[in-house]
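Welcome! Please take a moment to look over the sequence and the model shown here, and then we can walk through a few of the details together.

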Amino acid sequence: MTMRWDIFCNVVDNYGDIGVTWRLARQLAAEHGLDVRLWVDEPGAFQHLCPQADAASPSQRVDGVLVCRWPADFPLVEVADVVVEAFACNLPTRYVSAMAARSIRPLWLNLEYLSAEDWVVGCHGLPSPQPGGLQKFFFFPGFTAGTGGLLREADLLRQCGTWQEDADARRRFFAGLGIELQAGARLVSLFAYENPGLAGWLDVLSRQPVPTQLMVPCGRIEGDLRRWLGVDSLCEGGSWLRGSLQVHLLPFLSQDDYDRLLWSCDFNAVRGEDSFVRAQWAGRPMLWHIYPQDEGAHWVKLDAFLDLYCDGLSPEAAAALRNGWHAWNGQGDMGAAWSAVEQQSATLAEHARQWRRELAVQPDLATALVQFHRNWLSCAA
Ligand code: TRH
């Protein structure tokens with residue numbers, strides 16, 4: 001009997017919530033043969049990542065997943081065997097009542113945000129009693145053994161490796177975006193929130209002897225970019241040359257094309273949660289613009305990740321990376337910090353590959369979820 005999974009996604013802002021849940025839903029359907037329904041309250045955000053979807057449709061099958069609009073007045077539907085509440089999104093009351101009324105109770109999981117903090121291992125998998133005799137389990141993604149792991153499709157690293165060895169495929173990919181690659185240019189991608197550190201970074205890039213092509217998918221960084229370029233407006237598909245830096249404004253890509261962009265670049269500036277993980281799978285050095293939280297809570301997360309990631313790096317390379325990431329997140333001078341990162345570029349490139357190898361030893365998050373369900377079933381039997 002095929003197990004049925006319901007995943008609920010409330011789009012808070014940006015693309016991380018839908019980015020993670022869509023990726024997970026696809027993988028559960030494709031690799032684990034599960035019957036997956038993804039409930040999204042903002043289909044427009046979903047269509048952004050998945051252009052073949054129809055934002056107006058109340059339900060549609062995409063890549064083997066039934067994607068349904070999550071309406072305010074939630075219909076009476078059959079409850080699935082496993083229910084994933086992404087990022088504590090609060091399930092519809094009617095659905096929770098149906099879960100409690102089901103003769104065989106479903107497994108209820110809250111998929112949490114990603115953090116490298118130590119306490120995650122202790123909280124991963126813990127149950128929490130809920131009204132109606134239900135239990136909810138906290139499932140934490142993570143970077144180390146004892147956590148739920150990271151999303152990683154079975155074929156991801158092979159595809160990435162093949163791509164990184166295929167210069168023609170990369171050239172064709174960029175040509176399809178209207179971009180001609182310059183011989184010897186370093187490729188950098190940029191996905192960030194509004195960031196006052198951008199000007200300092202681009203100042204340095206534009207003065208370096210090695211040319212850089214900066215690939216910027218449309219988004220929240222455009223205002224800072226426009227100001228640095230000194231232009232009134234930016235147009236998608238446009239490019240601007242300043243010294244040795246050529247800036248290209250790309251459309252917002254499909255998730256699969258965004259992966260290809262990350263694989264293609266020598267250095268990736270990413271943000272949030274999902275692009276941050278994808279950059280790690282790309283095996284290239286990166287800058288992380290962490291999602292800012294109230295009272296600076298994000299600094300603890302940033303430093304917890306840096307502590308893990310910098311393990312095994314020389315003190316000089318670790319210091320350069322830490323300062324670069326701190327400056328990019330608003331603490332320090334980005335121009336000076338970048339110059340130090342540059343000096344460590346070969347070490348950081350090797351370290352990014354090594355980090356990827358270490359992460360790849362862990363089971364992936366979708367497999368870990370399926371295993372969690374199996375264990376839960378065998379305990380219940
Ligand atoms: O969009 P984000 O800033 O999302 C954030 C974070 O998830 C954060 O942790 C969360 O609390 C907040 O939302 C509410 O960054 P993130 O997580 O990287 O998600 C972006 C998604 O967009 C990711 O799936 C990659 C995808 N993407 C594309 O598909 N095409 C693109 O061109 C780009 C730039 C991104």
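Let us begin with Phe-87, which lies in the loop between strand 5 (82-86) and helix 3 (93-101). Keep in mind as you read that this is a predicted model. Although Phe-87 is not a glycine, its phi is positive, at about 55 degrees. Most residues other than glycine have a negative phi. Ala-88 is found in the loop between strand 5 and helix 3 too, and its phi is also positive, near 50 degrees, again in a residue other than glycine.

How covered are these two residues? Phe-87 has a relative accessibility of 11%, so it counts as buried, the limit being under 20%. Ala-88, with 45% relative accessibility, counts as partly exposed.

## Around the ligand

Now for the ligand, which sits in the largest pocket. It is surrounded by 22 residues, and the closest are Tyr-193, Leu-253, Arg-271, Asp-274 and Ser-275. Sorted by class, this shell has ten nonpolar, seven polar and five charged residues. Helix 1 (16-32), helix 9 (255-264) and helix 10 (274-282) each supply at least two residues of the shell. Helix 1 gives the most, with three residues.

Which atoms of Tyr-15, Leu-253 and Arg-271 lie by the ligand? For Tyr-15, a polar backbone atom is 2.8 Å from an oxygen atom of the ligand. For Leu-253, a backbone N or O atom lies 2.7 Å from a nitrogen atom of the ligand. Arg-271 uses its side chain instead: an N or O atom there is 2.8 Å from an oxygen atom of the ligand. Taken alone, the ligand exposes 710 Å², and the protein buries 97% of that.

## A covered helix

Helix 10, one of the helices that supply the shell around the ligand, is mostly covered, with nine of its nine residues buried. Among them are Asp-274 and Ser-275, both listed with the residues closest to the ligand. Others on the buried list include Phe-276, Arg-278 and Trp-281. After helix 10 comes Gly-283, with a positive phi near 70 degrees.

One last stop is Leu-34, in the loop between helix 1 and strand 2 (35-40). Is Leu-34 buried or exposed? Its relative accessible area is 12%, so Leu-34 is buried. Leu-34 and Thr-2 are 32 residues apart in sequence, while in space they are 6.0 Å apart, C-alpha to C-alpha.

Note on methods:
Residues numbered from 1 in each chain as written. Predicted model: local features only at pLDDT ≥ 70, side-chain atom pairs only at ≥ 80, totals over all residues. Heavy atoms only, no water. Near = heavy atom within 4 Å. Polar contact = N/O pair within 3.5 Å; in protein donor to acceptor, adjacent residues only side chain to side chain. Areas by Shrake-Rupley, 256 points an atom, 1.4 Å probe, with all protein chains shown as cover. 1 Å grid on protein atoms, 1.4 Å probe; cavity = no way out; pocket = protein on both sides within 12 Å on 5 of 7 lines; lining within 4 Å. Sits in = over half its atoms within 2 Å of the grid points. Helix = DSSP H or I, 4+ residues; strand = E, 2+ residues; numbered from the N terminus. Nonpolar A, V, L, I, M, F, W, Y, C, P; charged D, E, K, R; others polar. Buried < 20%, exposed > 50% of the residue type's maximum accessible area, 1.4 Å probe, protein only.
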